[in-house]
Amino acid sequence: MKAVVCTKYGTPDVFKLQEVNTPIPKDHEVRIKIHAASVGPADCTFRKGSPMVRLVYGLKRPKNPIFGAELTGEIDAVGKEVTRFQIGDQVFGLSAKTLGAQAEYKCLHEDSPLVTKSSAMSYEEAVAVCDGAPTALTFLRDKAKLRRGQNVLINGASGAVGIYAVQIAKYLGANVTGVCSTVNIDLVKAHGADQVIDYTRQDFTKNGHTYDVIFDAVGKRSFSQCKHSLKPKGVYLSTVLSISILFNMLQTAVFGKKKAFFVTAGLMQNHSNLIFLRELYDAGNIKAVIDRRYPLEQVAEAHRYVEKGHKKGNVVITLAQD
């Protein structure tokens with residue numbers, strides 16, 4: 001099968017399209033013929049090999065040389081003990097632990113965060129929802145316990161996590177303020193934001209407004225910068241792991257009523273979350289937002305585009321036609 005292989009950390013030039021062995025499913029695994037995958041900021045972080053990434057995914061080189069956590073496709077083979085799925089099922093899900101989605105085939109344990117996709121979803125829409133919405137759901141619903149009537153600010157509201165955070169927060173009944181650049185204001189409003197702040201013209205940490213939850217979906221504003229914009233029992237969330245957020249979590253766990261949190265949302269996903277998101281999609285409560293599509297052989301170009309930091313929603317890698 002064809003796969004994009006990364007044998008060392010570095011620039012997008014490290015990616016090579018190669019022929020590798022097609023995986024064979026073990027007893028409790030299914031094999032997915034992949035139709036679409038995605039590329040986001042996390043993929044770029046893995047590729048560059050930050051210290052945090054190297055501790056988990058390989059010190060000198062990636063332990064899993066085929067990248068990509070989000071995938072969608074059709075099951076074409078099953079292990080002899082599989083009961084949850086059958087050949088022909090159209091599925092979407094995540095492979096956060098072993099990656100491997102940027103290839104023609106991927107085997108996953110049947111208990112992985114993997115579910116059948118809605119017939120209303122195209123493959124590209126399914127993988128787009130998988131890239132961002134599960135993270136937003138985990139942070140807002142499960143960690144912040146966002147409730148109806150609360151005020152939430154989402155920094156980076158036009159990105160892959162942010163655009164779904166806006167929609168999920170609105171579904172949960174919150175009053176939503178999105179922060180984005182001038183060009184993305186209409187996009188963020190169209191997906192449910194009650195107010196939008198243009199960060200090129202106004203610093204939300206200095207405008208005097210306070211929020212129950214501040215969700216930094218792009219990791220650009222620290223807890224120390226945001227804490228004065230939190231209400232007395234407010235919660236700050238960041239999707240980017242850093243020494244400072246770990247320190248803030250420890251500090252706020254002991255001192256004060258305002259809290260700071262980071263969670264490894266990708267590793268916390270399950271069937272229930274994906275089924276919930278599928279139901280939201282079918283009901284029209286969330287919509288996929290796809291900025292650009294690239295074929296498998298242009299994964300490096302997708303990384304270069306994502307690294308510019310201006311994408312709207314998702315960047316999708318297409319491997320087969322719907």
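Q: Let's start with charges over rings. What sits over the ring of Tyr123?
A: The charged end of Lys117 does, 4.9 Å from the ring centre. Keep in mind that this is a predicted model.

Q: And which residue lies over the face of Phe204?
A: That's Arg221, at 5.4 Å from the ring centre.

Q: OK, ring on ring now. How many aromatic pairs are there in the whole structure?
A: A search turns up five. One of them is Phe15 with Phe67, 5.8 Å centre to centre and with 85 degrees between the planes, which makes the pair edge-to-face.

Q: Where do Phe15 and Phe67 lie?
A: Phe15 is in strand 2, while Phe67 is in the loop between helix 2 and strand 4 (70-78), so the pair ties together parts 52 residues apart in sequence.

Q: Are Phe15 and Phe67 buried or exposed?
A: Both Phe15 and Phe67 are buried.

Q: What about Phe46 and Tyr57, how is that pair arranged?
A: Phe46 and Tyr57 form a tilted pair, 4.8 Å centre to centre with 50 degrees between the planes. Phe46 belongs to helix 1 and Tyr57 to helix 2, so this pair links parts that are 11 residues apart in sequence. Phe46 and Tyr57 are both buried.

Q: Switching to cores: which residues touch the most other members in the largest nonpolar one?
A: Leu140, Val152, Ile154 and Phe215, in a core of 47 residues. Helix 5 (residues 160-171) gives the most to this core, with seven residues.

Q: What does Val152 touch?
A: Leaving out residues up to four places away in sequence, the contacts of Val152 include Leu140, Leu146, Ala169, Val176, Tyr211 and Val213. Asn175 and Thr177 are among them too.

Q: What other core lies apart from that one?
A: There's another core of 34 residues, among them Val30, Leu71, Val82 and Ile317.

Note on methods
Residues are numbered from 1 along each chain as its sequence is written. This is a predicted model: local features need pLDDT of at least 70, side-chain atom pairs count only at pLDDT 80 or more; totals for chains, interfaces and linings use all residues. Side-chain values use heavy atoms; hydrogens and water are left out. Rings of Phe, Tyr and Trp (its six-membered ring) pair if their centres lie within 6.5 Å; planes under 30 degrees apart count as stacked, over 60 as edge-to-face and the rest as tilted. Helices (H or I, at least four residues) and strands (E, at least two) are DSSP runs, numbered from the N terminus. Buried means under 20% relative accessible area, exposed over 50%, partly exposed in between (1.4 Å probe, protein chains only). A charge sits over a ring if NZ of Lys or CZ of Arg is within 6 Å of the ring centre and within 35 degrees of the ring normal. A nonpolar core is a set of buried Ala, Val, Leu, Ile, Met, Phe, Trp, Tyr and Cys residues joined through side-chain atoms within 4.5 Å. Contact means heavy atoms within 4.5 Å.
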